[in-house]
Amino acid sequence: MIRLDKVGMRYGSGPEVLREVNLTLHRGEFMFLMGPSGAGKTTLFRVLGLLNMPSSGRLTMFDKDVATMSREQLTAQRRRIGMVFQDLRLLDHLSAFDNIALPLRINGGQDEQIGGFVSEMLGWLGLAELIEAKPPTLSMGQRQLVAVARAVVTRPNLLLCDEPTSNIDSKLARRLMHLFTQLSKLGTAVLISTHNDDLVERYGHPVLHMDNGRLSGPVVAAEKMAAAD
Amino acid sequence: MSGILVGGRRFDLPLDTTAAARLLPWIITALVFLAVVALGVAAAADNALTAYSMRARLVTVTIPASEDPSATDQDVVRALDVLQRVAGVTSATAVGEKEIEELIEPWIGDAADTGDLPLPRLIDVTFDATSDLDLARLQSELRQVVPGATLGVEAISRNRAERLASFLRAWTVAVGVLVLLGAVGLVAWVTRLSLELHNDTVELLRFMGAPDGYVARQFERHALLNAIRGGIAGFVLAAIVLVLLIWTGRLMEIAGPVELGLRAVDWILLACVPVVTALLITAVARVIAVWGLGRLP
């Protein structure tokens with residue numbers, strides 16, 4: 001379980017970007033995160049991804065308080081998290097295969113096993129023929145798929161996606177959502193940041209709303225629509 | 001699969017994409033070149049000094065002959081008195097007249113032992129080769145008590161060459177060490193710069209669960225690879241220059257009576273310079289990378 005109790009976050013001595021955020025994510029839970037640009041969604045993802053530590057409050061990741069974790073324990077916990085960054089962060093000098101294989105290699109996977117996982121993933125995403133292609137030669141949509149593949153290839157316990165469907169067509173978006181749903185059914189907690197109301201309404205998962213560093217919700221999509229009416 | 005395979009190893013971080021990193025092997029080449037040339041010159045100078053210490057233990061003082069033989073004898077006594085008071089001189093012995101006559105007989109024949117021809121007197125002087133004896137000054141002191149007294153010319157020039165060798169050895173060792181330290185400092189700077197420039201990728205690797213050691217190894221291997229490339233190139237170039245320097249030095253007899261040269265052991269030690277440089281550079285890259293990563297949450 002992942003739990004945030006009154007979590008606050010500021011960069012250096014700057015203003016608070018997250019304010020008293022409370023959130024609980026259970027195993028296999030699927031939620032959307034909405035809110036205007038600059039509301040703090042990316043910072044929330046960075047805190048959940050253990051890239052930044054909370055300035056205040058308590059963050060519990062997989063039932064352990066991160067404040068009490070050693071550097072090695074934090075590294076081990078990060079391996080249980082997958083993230084699709086808004087700017088994708090693909091490594092341009094590596095092939096699509098090597099980009100996706102990267103977290104497996106870092107985790108000490110064997111080459112044969114890595115080859116199997118990655119090829120399967122690329123095939124499922126329809127990128128089998130682009131195995132050796134480097135990101136700069138791929139379309140934006142293809143790059144987005146590679147970034148998603150890299151985030152899910154380790155079958156993480158927590159999947160954080162920052163606008164994962166923003167650059168792909170609706171057919172591919174549905175396919176990705178199907179993938180996320182399957183992962184969720186297998187026990188991965190999924191949190192997707194999006195501005196896409198249609199997506200939220202279509203899948204009906206609970207929605208969190210972030211504004212000015214404060215988190216509200218979750219509400220289910222039907223309640224959200226009713227509130228909007 | 002593809003990926004970045006350099007020297008059979010993969011690089012997750014695109015460390016060669018910055019201008020500073022691309023220049024690194026060239027700069028290491030230049031610095032290793034300078035260090036090897038400097039230390040090679042130091043070794044050659046040291047060899048010359050050793051050779052001097054083996055040779056420069058004996059000089060001859062010549063006391064000019066005067067019309068009055070007893071005056072010449074007094075000059076010899078005065079010169080011996082001066083020599084025996086000089087620190088570093090271990091012995092000063094006047095060469096007998098009979099011996100002098102035998103020495104010059106091949107040139108002037110029987111005239112040498114007629115007693116009519118005034119002959120200069122000689123004093124053999126031995127000194128401790130490790131002492132800081134200034135032969136030119138000694139000659140000057142002798143001339144104050146015995147006008148016209150001379151030290152063997154070869155001895156004086158040898159002394160000057162020895163000082164030059166000593167000067168070269170000290171300075172070239174200093175230059176060599178400074179250049180190596182420069183290489184290490186440069187790599188530290190490039191590593192720190194690379195950490196900042198590749199911040200996003202470093203963060204990505206750490207987010208995927210890469211321990212600091214994994215990321216640091218990327219910098220370490222990159223530095224090692226560049227150090228090997230630059231070190232080999234720098235050493236080969238320096239070896240060529242050293243061979244040319246020694247060859248021309250011998251032609252010009254800049255070391256006087258001593259032959260300039262490097263022994264096999266010198267070459268082996270010089271070949272260790274790029275190896276030591278590579279190890280230093282690699283260690284520094286790792287230390288800087290670990291230090292930089294340790295500052296991240």
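Reply: A crossing is right-handed if the near helix is turned clockwise from the far one by less than a right angle, and left-handed if anticlockwise. By that rule, helix H3 of chain A passes helix H5 of chain A in a right-handed crossing. The model is predicted, so local features need pLDDT of at least 70 and side-chain atom pairs 80 or more, while totals for chains, interfaces and linings use all residues. Residues are numbered from 1 along each chain as written, with chains lettered from A and ligands numbered from 1 in written order.

H3(A) covers residues 96–106, and H5(A) covers 140–152. Helices here are DSSP runs of H or I with at least four residues, strands are E runs of at least two, and both are numbered from the N terminus. The two axes come within 7 Å and cross at roughly 25°. Axes are lines fitted to C-alpha atoms over the stretch in contact, with angles from 0 to 180 degrees between N-to-C directions. H3(A) and H5(A) are therefore roughly parallel (an angle under 35 degrees).

Which residues make the contact? H3(A) brings A:Ala96, A:Asn99, A:Ile100, A:Leu102 and A:Pro103. H5(A) brings A:Val146, A:Ala149 and A:Arg150. Contact means C-beta atoms, placed from the backbone, within 7 Å. By class, 6 of these residues are nonpolar (Ala, Val, Leu, Ile, Met, Phe, Trp, Tyr, Cys, Pro), 1 is charged (Asp, Glu, Lys, Arg) and 1 is polar (the others, Gly among them).

Now follow the chain past H5. A:Arg155 lies in the loop between H5 and strand S7 (158–162) of chain A. Phi of A:Arg155 is near 50°, a positive value in a residue other than glycine. A:Arg155 has 13 C-beta neighbours inside 10 Å.

Note on methods
Parallel < 35°, antiparallel > 145°, perpendicular 65-115°, else oblique. Contact = placed C-beta atoms within 7 Å. Buried ≥ 20, exposed ≤ 12 C-beta atoms within 10 Å, placed from the backbone.
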